[in-house]
Amino acid sequence: MSGSNSTVVASSVPFYISSISIRLGASNKKLDFAELKSDSQRHEIRHSSEQDQVLSANFDPAISVITITEHVSLSVHCQHHVFAGIPRKTTVKFSLSRNDILSNTVDRDGRQGEPFYLQLRRIKFYLDVIVYQTTERKLQPNSDDLQQLCPRFRLLVIGKTGVGKSSLIHQAFKIKEHVSSNNRGEANIDTEFVAPDNERFVLHDSQGFESGDNKCFTVAKEFINRRRKMPKLQDQIHAVWLCLPIPHADGRLLESGVEEFLRLRKEILDNIPVIVVFTKYDVFADKLELDVMESNYDEATLEALKLDTLNKLCVQPLKEIAGDNVLHATVSTKEEHESTMRRLIDLTTTNVEKFVNSEAALAVMTAQRVDIGLKIRASIEIVKKRYWRSLATGMNVIGFTMSDCLSLIHKDIIDVWNFNDLQCHLTTDNFKDMILKDLDSTNLPHTTESFASGLSVVSKLAEILMTVDSSIASIAVPIAIGVVLVKWIHDVYQQTNITLRRIMTYIVDLTCIMQILFLLAQTGSISRRVIKIAVKAYAEAGKGSVHSAIQSNVSVASGGDQALKEIVKLILNHAMKSEDIQGLRAKITRLTANLQEDEEW
């Protein structure tokens, strides 16, 4: 990428994109169309006529780019003809930084610099962008602030080819694309990999440290040193996973290069946590069970044998080299061993928070997609930030409408759950209206099972899914909001009991729906169908008890801190347990095959 060093507006001031045009450099390709995505907004850019070779679009209203500049992306779709005139399509995606957008743009008065260009795969694209700034006061979500400090969890993974690094990353962050475009054994540690279906982590891949080969060790050491010196948290390495296979009974655990890295880890890494990850536990466990099959051990004895064998093969040799305080985890990426992945993610989060900082830890919780407990914890961390307390006390929100306040809440919660929502369905007014519809209702179905157990939810989900599976009809979820609520959401914020109660209800309702979506759509893109199923299941299997609890516990006189404690208590009381999720999913897995098929609201 290139562009001038001039800056149109200060980095702290919101700006808006009102126009963009794209043209190709010298190339045999032809522009088809482009997509500009900024956080929850997605816009297509097309030719103004069939003869036009430039893609262009004017945006009215303008696209707001407030603070999350790390998540502005441009996808350009091209086509060209190959042998025998066969058409071929190519899609090139760029992540745009704030400086990319603000350098050499056209301001609102028409003053223009040179167009900046983006280049990838030998294709050069020239961009003209019209932006303008505003100093108008605006409510800013906490997730924007936190993501500006640390928009992505930056992870370095070290290990030999075949140790299972790709499977590990795929399982932890639920991505489909390969973690590296390099050939096997040719990882480039400086390459930043960001998955299009989970943009909240960035991966650096390093080859393992072979005996007698100091090159990879030196490259990794120099890379970590460069990153450590970078002033911004978002550019620093937040954690290292050192992947090792579980050895055979007579095998060696550590190569000499790995031993040196572990001995010098404090000098090399300083406070960056490194976790030794013993991979492919399922292979080890299956072999051990086969070896002792004739002994007829009971389950408890067999599990104790596995732990003892792992201790002898892995843990003790590791501690002899690295000391007793070395962090380690044993993992399998197989579904039946999902608890091992949760332990790795939890260990990573705990130590990033302890040795790096809380913003980086929140980035880990947001990026990972295996532990519902960490998602709920991330929601609570967001709850504790300044605007949540502001909403309960009235500070900083005077003059804003309730719609403004609820949009702020909605965005904060959606961001930390980090679903693969390519079409931005979760940010639409349709989804918000579904939540608002019964905000004041207490006359809702109650169940004997608690929402936190998940049993009433999966029972209702099974009922809904069986109906969907046997019918071509779309899911019917009422959206129409009552007249009283319509007036309230457009009114200016007022600090009253009913306002506080509605805010708390919205927070807990949305968090509960996010949990149901976590059950239904851990992988794959979010569809309108799956959202409607989650909303319907919550309405019939949990919403009544939540609303009753809020109605009986909320008082504005108790102040913001008490209201904040009550929100956290309600979230925790209605939080599914991480260890229960796999069993709950198993009850509905066979019914979830068609959830990514979309339908109208």
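**Notes on a predicted protein chain**

1. **Overall make-up.** The secondary structure of the protein chain comes to 21 helices and 14 strands. Keep in mind that this is a predicted model.

2. The protein chain has 601 residues, and 53% of them are buried. Its accessible surface comes to about 27600 Å². Carbon and sulfur atoms hold 48% of that surface.

3. Look at helix α13, residues 402–417, and helix α14, residues 429–436. They pack at an angle of about 105°, and their axes are 12 Å apart. That angle makes α13 roughly perpendicular to α14, because angles from 65 to 115 degrees count as roughly perpendicular.

4. **Who meets whom.** Which residues form this contact between α13 and α14? From α13 come L406, S407, H410 and I414. From α14 come F431, K432, I435 and L436. The residues of this contact divide into five nonpolar, two polar and one charged.

5. **A helix with a buried side.** Now find helix α19, residues 543–551. Its residues K543, G544, V546, H547 and I550 are buried. Where do they sit around the axis of α19? They cover an arc of only 165°, so they lie on the same side of α19. An α-helix has 3.6 residues a turn, so residues three or four places apart point the same way.

6. Most residues other than glycine have a negative phi. D270 is not a glycine, yet its phi is positive, at about 60°. D270 lies in the loop between α6 (265–269) and β13 (274–279). Is D270 buried or partly exposed? Its relative accessibility is 36%, so D270 counts as partly exposed. The cut-offs explain the label: buried means under 20%, exposed means over 50%, and partly exposed is in between.

7. **A positive phi at K280.** K280 is a residue other than glycine, and its phi is positive too, near 60°. Where is K280? K280 lies in the loop between β13 and α7 (281–291). Its relative accessibility is 41%, so K280 counts as partly exposed.

8. **Where to look.** Start with the contact of α13 with α14. Then turn to the buried residues of α19. Finish at the two loops, with D270 between α6 and β13 and K280 between β13 and α7.

How values were computed: Residues numbered from 1 in each chain as written. Predicted model: local features only at pLDDT ≥ 70, side-chain atom pairs only at ≥ 80, totals over all residues. Heavy atoms only, no water. Axes fitted to C-alpha atoms, helices over the stretch in contact; angles between N-to-C directions. Helix = DSSP H or I, 4+ residues; strand = E, 2+ residues; numbered from the N terminus. Parallel < 35°, antiparallel > 145°, perpendicular 65-115°, else oblique. Contact = heavy atoms within 4.5 Å. Nonpolar A, V, L, I, M, F, W, Y, C, P; charged D, E, K, R; others polar. Buried < 20%, exposed > 50% of the residue type's maximum accessible area, 1.4 Å probe, protein only. Arc of directions from axis to C-beta. Areas by Shrake-Rupley, 256 points an atom, 1.4 Å probe, with all protein chains shown as cover.
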